[in-house]
Amino acid sequence: MAPFRMDSAITSYNDAIEAAAAGDPERDIWIKDPTFDQARHVMGRSFAGNEKVKGEPMCMWARSHLDDFKWYTAEMHAETMAFGMGFPIFKSFSKQKQTMTIARRDVKSGELVSAAIIEAFDMDQEKANMKNKDSLISKIQGGWLYAKTLTSLLMSGKVPELFEKKEYKPHSEYLVAKLEANTEKCDASHLVWGPKERHWHVRFVGVDPAFNGRGHGRELMEKISALADEQSVACYLEAGLRNRGFYEKMGYVVVSEVTVDDPVDATRESFRGVLMIRPKHGGASN
C-alpha cells in the first residue's frame with residue numbers, strides 16, 4: 001500500500017490562499033509554509049500562556065513543580081516552551097508530505113497568531129514503527145534527528161535559562177521527564193484508541209495568548225475540519241480536560257481519558273486529559 005500522504009490537502013490549502021490573495025490582499029490571512037522558528041515560537045507562547053491567559057493544560061502540569069519559584073517567570077516559561085517544542089515540531093516537519101502546517105497571520109501587524117500541525121497517521125505503519133523503536137537503525141535515526149534539531153535551535157537563538165544554568169538543571173530535567181512521560185503515554189494510547197483507518201492526527205494547535213478571545217482557535221479548527229471533509233478523513237487529537245468543551249463544539253467526541261503520572265514524584269498530582277475523534281464526513285475518499 002502506498003504511503004499515506006497529505007499532498008492533496010496541502011494543495012487545496014495553498015490554492016485557497018492564492019485565490020484569496022488574488023481577490024483581495026487583505027484576505028490573505030492564511031500563510032503557506034511557515035518556518036520552523038515561526039511554528040515553534042507561536043506554539044511556545046500558546047502552550048506557556050501569560051499572566052492573563054492560562055497555558056495548555058499539559059504544559060501547566062509539566063511546569064507545576066516550578067510554580068513556587070519566583071525566578072521562573074512567564075517570559076522564561078515561554079522561552080522554555082518555544083525551545084522544548086522545537087523537538088517534536090522539527091520531527092513533524094521532517095516528515096514533509098506526511099505533515100501539513102496551517103498558520104494564520106494578523107492582518108494589521110502581520111504577526112503569526114495561530115498555527116496547527118497535522119500529521120497523516122497510518123495505524124498499521126505506526127504500530128510497526130513502535131515495535132522497531134529499540135532497533136539499532138531506529139536509535140541511529142533518532143540520534144541523528146535529535147542532533148539536527150538541536151543544531152537548528154542553537155543556530156536560531158540562545159538556549160533558555162532553565163536549560164543553560166547549572167543550578168537549574170534539576171528543574172529542567174524534571175520538566176523534560178514530565179513532557180517525555182506525556183508523549184510516551186499519548187503515543188501508546190493513540191495506537192489503542194485512534195481510528196483504525198488512516199486518519200489525521202491533529203498534533204499541535206496553538207494561538208498566541210496576546211490574540212486570545214478573537215476566535216482564532218475556532219477559525220483554525222474550522223479550517224482543519226473543512227480540509228478533512230474534502231479528503232474524507234477522520235481526525236484525532238489529545239486535549240486537557242479544560243479544553244474538552246471547545247473541541248466538542250468543533251465536532252470531536254471523547255473516546256477515552258488518559259492519565260499521566262508524575263515520573264519523578266508519585267505524590268504529586270497526575271495529568272488528566274481526553275482522547276478525541278472527529279468522524280470523517282463526505283468528500284472523496286483519500
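**Charged pairs**

Modeller: With a relative accessibility of 31%, Arg244 counts as partly exposed, a class that lies between buried (under 20% relative accessible area) and exposed (over 50%), using a 1.4 Å probe and protein chains only. The model is predicted, so local features need pLDDT of at least 70 and side-chain atom pairs count only at pLDDT 80 or more, whereas totals for chains, interfaces and linings use all residues. Residues are numbered from 1 along each chain as its sequence is written, and side-chain values use heavy atoms, with hydrogens and water left out.

Arg244 forms a salt bridge with Glu248, at 3.0 Å from N to O; the term denotes a side-chain nitrogen of Lys or Arg within 4 Å of a carboxyl oxygen of Asp or Glu. Glu248 is likewise partly exposed, at 37%. Because the two residues are four apart in helix α11 (residues 244-249), about one helical turn separates Arg244 from Glu248. Helices (H or I, at least four residues) and strands (E, at least two) are DSSP runs numbered from the N terminus.

A further salt bridge joins Glu257 and Arg272, also 3.0 Å from N to O. Glu257 belongs to strand β6 (residues 253-260) and Arg272 to strand β7 (residues 271-278), so this pair ties together parts 15 residues apart in sequence. Both are partly exposed, Glu257 at 43% and Arg272 at 41%.

Glu161 pairs with Lys165 in a salt bridge whose closest N and O atoms are 3.2 Å apart. Elsewhere, a network of salt bridges links Lys95, Glu119 and Arg203. The structure holds 16 salt bridges.
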